[in-house]
Amino acid sequence: MDLKLAACSVLFLSATAAAQPLTPVSPDQAGFSVDGLARIDKFFEREIAADRVPGAVVAIARDGKLVHYKAYGYLNKAGNEPMPLDAIFQLASMTKIMTSVGALTLNEQGRLPLKSRLDEYLPAFEKMKVGTVSSAGEITTEPAKPIFIHDLFRHTSGIVYGGRGNTPIHKLYPGGSAGAAAQYTGEEFIAKLASLPLLYQPGTVWDYSFSTDVLGLVVEKVSGKQLGGYLKEAVWDKVKMPDTTFEVPEADRKRIARPLPKDPITGRDQRIASLDSPVKFHCGGSCAYATVGDYLRFGQMLLDGGSIDGQRVLSPKTVAVMTSDHLGPNIKNQVAGTEPHRDGYGFGLGVAVRLHDGVAATPGSKGDYTWNGANGTSFWADPQERLVVVVGTAAPGEIRKYYREQTGALVYGAMTELRGESMR
């Protein structure tokens, strides 16, 4: 990192020091090594200098206190703009966790039972079919079992993402959430999905999908509000997440993090199309934006059993159910095939849940929960270690998976004390 950029980074850190998302604590008081945390600085400095990532914001909280909160590199490398702590990141699939929390608030109100049928809210899904592909590539169908709201939360609806498979059925579906939201209105999107065959019988296979986008539209139907409006009222305002939104105000767009123009692995042109493509509906699977500080508070709210600063979003029991495995032995678990480094994880209501202390390639603890974004953001919470970590980058290529693994190793490698019951 050059001296000019380093100086700019310091200025940004100082300017935003008053806007800490949580109360700061010294690393030694939180069971972290100063030298260990410095390895995070050195890691991102190396990666930025090598033009592998434009910049990053990293936040670590333990025991509800802020241990590490730094910005690195560039917000927009092309414009030589240093990364501020309050950079706004396109969250991609980290949107899914917030949509799931919003839906669970309706569940707590008795307005959205998990075992209610999807077609009760969206009648277009009443007579779904399941497709079977012959060796000749022909699709035949049979009646599908009902899709339950529970299936939307845990990606067992039989709906798929078109961009995550090569079967003739996959090819009928839109590629992904953000692209679909740019192409269709909410009504058009539902009509499109309801006209297509499911890949599996509902409730039998975990497969990453448009399920959370459909769940977001169910939230709109039940609440009578646009998804962003409902999440603002039920979640974001309570948690104090002022920069979290589906529509970044024009005055704040200058804070949006931009990727490198070339993918550092393939050398091909890259961009995050949704940064400059307006959406026609608030897609609950991908379309939200937030700062790292905002999302850290959201993660801390979950870790603290559904409340923060005296404001309750969910009950502790609801959070416990949300962050427990909902696949079990009878549902085919394909989580690791979609999210690298997630061997040994099940899936709860909107989050992957670690089932073992080992197995996965990343450090962690049994019961930690996580989900990440295809544009380079990542999040996890480790209840045993009382830990919340959020990383913001604009890195939409395959390299984002490398940063997820490396960040986990760096964070846990900086610990000097364990909180976990199993380690005492």
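Where does Asn80 lie? Asn80 sits in the loop between β2 (65–76) and β3 (81–82); strands are DSSP runs of E with at least two residues, helices are runs of H or I with at least four, and both are numbered from the N terminus.

1. Basis. This is a predicted model, in which local features need pLDDT of at least 70, side-chain atom pairs count only at pLDDT 80 or more, and totals for chains, interfaces and linings use all residues. Residues are numbered from 1 along each chain as its sequence is written, and side-chain values use heavy atoms, with hydrogens and water left out.

2. Positive phi. Most residues other than glycine have a negative phi. Asn80 is not a glycine, yet has a positive phi of about 55°. At 42% relative accessibility, Asn80 counts as partly exposed (buried means under 20% relative accessible area, exposed over 50%, partly exposed in between, with a 1.4 Å probe and protein chains only). Arg386, also a residue other than glycine, has a positive phi near 55°. Arg386 is in the loop between β13 (378–382) and β14 (387–392), and its 26% relative accessibility makes it partly exposed.

3. Helix α7. This helix has 13 residues and reaches 18 Å from its first C-alpha to its last, close to the expected 18 Å (the expected span is 1.5 Å times one less than the number of residues). Twelve of the 13 residues are buried, so α7 is largely enclosed by the rest of the structure. The buried residues include Asp213 and Glu220. Among the elements covering the buried residues are α3, α6 and α8. Just after α7, Gly224 takes a positive phi of about 75°.

4. α6 with α7. The axes of α6 (residues 186–194) and α7 (residues 211–223) come within 11 Å and cross at roughly 130°. The two helices are therefore oblique to each other (under 35 degrees is roughly parallel, over 145 roughly antiparallel, 65 to 115 roughly perpendicular, the rest oblique). Gly186, Phe189, Ile190 and Leu193 of α6 make the contact with Asp213, Val214 and Leu217 of α7; contact means heavy atoms within 4.5 Å.

5. α3 with α8. The axes of α3 (residues 95–108) and α8 (residues 227–239) come within 10 Å and cross at roughly 75°; axes are lines fitted to C-alpha atoms, for helices over the stretch in contact, and angles run from 0 to 180 degrees between N-to-C directions. These helices are therefore roughly perpendicular to each other. Residues in the contact include Met98 and Leu106 of α3 and Tyr230 and Trp236 of α8.
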